Amino acid sequence: MIAAIDAATYVTELRRIPQGWYAVGAIAIIVATCWLVIGMYRREGRMGASPALRLVMAGLRCAALLTLALILLEPVRVRILRRWIESYTLVLLDTSASMDLVDRYRDPETMSRVQAVMNDPQVQSARRMDVAEKIMLVAERQLLTELSANNNVKLYAFDDDARPVASYAAEGEKRNPDAEEPAKKPDDSAAQANKSAPSLPQQFEATGPATNLDRAVRQAVETLGTAPIAGIVVLTDGGINAGGSAEEIARYARERRVPIHVVGIGDPTAPRNLRVTDILAPENALQKDPFALTATFATEGIDGERVRVELLEQNLSDAGEVRVVASRDVLVGPGGAVAPVTFERQPEAKGRHAYTVQVPALPDESITEDNS
């Protein structure tokens, strides 16, 4: 769609003008030819022609040769129309459930970058969605503002499907590029910048069931039809667990000649997590009859460390307090293997009891909700 057409301008061009050494050779040939013509007429003095007449004849002959050379260069008169055509930059924001995780960054360099984005030098952990929103809008890192300087911007939220959220018009369409910029007052420059900065239409909830970047890219691109696309910016933690692979997405973008720029969100180091996967215990036990509770575990990013496993008991019959009744230190073996832990209990009185197996949160652990 044509947004504006400037007045036509005309220029004269030589379509077959030689370049490089060809240009040097052509000039040398023209100079040598003119020199030969002048020399030929100088030697015609014995024919009785005056020097003035010979000079005129040599000049005419050289002019004819130069005119012929100019014709060979094919001079053309070109009419130039400048057209403003709407082009788009697509921004895809991952709203899957993994973007709700809080990362505790262990790498100092990465931590300093996150602190700069969050504008808080004291922050030690950050929710992934909060980081993404800060990157798009806050302070001098206004991604949407910079992207909309030259192209229209369409913002999509995606998880297992893509949803259009907002559109931002290009700043280039709001003014004539050939018009002189009005003088800005130094006092209100910051106010003008804030006034024109885009804003997010909502706070994003990271609750999506899956990350299907393949479908999101295809839906966003095909929604625009034949409109030109300057590029796609994806803000994601990289956990693609549905749809086509990264290679298939790259192949599709290459066929459409659309560049994809990915902004990685989250801690790039391997996550650390220990979770209690199951507890095996009888539903009923006889008074003063011993019984066993066996807990199983799974780990990620933990190898060769000792962890404490605790057994908590609560007497539901009299609404008693939850208390730690047993604990054991367990060594995480190679590859994160943890042997099942068995606790033995012997009820002294009749009643209902609730038992919980828990592992205190480890330093830099990614998820602590599954520690019990």
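Predicted model: local features only at pLDDT ≥ 70, side-chain atom pairs only at ≥ 80, totals over all residues.
Trainee: How many helices and strands are in the chain, and what share of its residues count as buried?
Mentor: The chain has 372 residues. Its secondary structure comprises 8 helices and 17 strands. The residues that count as buried make up 33%.

Trainee: Which element gives the most residues to the largest nonpolar core?
Mentor: This core holds 29 residues, and V91, V131, M136 and L235 touch the most other members. Elements that give two or more residues to the core include strand 5 (88–94), helix 3 (108–118) and strand 10 (229–236). The greatest contribution, 6 residues, comes from helix 4.

Trainee: Which residues does L235 contact, leaving aside its neighbours within four places in sequence?
Mentor: L235 is among the core members that touch the most others. Contact here requires heavy atoms within 4.5 Å. On that criterion, the partners of L235 are V91, L92, L93, D94, A132, I135, M136, L143, V263 and I265.

Trainee: How are helix 3 and helix 4 oriented to each other, and what is the handedness of their crossing?
Mentor: Their axes cross at roughly 60°. Angles from 65 to 115 degrees would count as roughly perpendicular and those under 35 degrees as roughly parallel. Helix 3 and helix 4 are therefore oblique to each other, and the crossing is left-handed.

Methods
Residues numbered from 1 in each chain as written. Heavy atoms only, no water. Core = buried A, V, L, I, M, F, W, Y, C linked by side-chain atoms within 4.5 Å. Buried < 20%, exposed > 50% of the residue type's maximum accessible area, 1.4 Å probe, protein only. Helix = DSSP H or I, 4+ residues; strand = E, 2+ residues; numbered from the N terminus. Axes fitted to C-alpha atoms, helices over the stretch in contact; angles between N-to-C directions. Parallel < 35°, antiparallel > 145°, perpendicular 65-115°, else oblique. Left-handed = near helix turned anticlockwise from the far one by under 90°.
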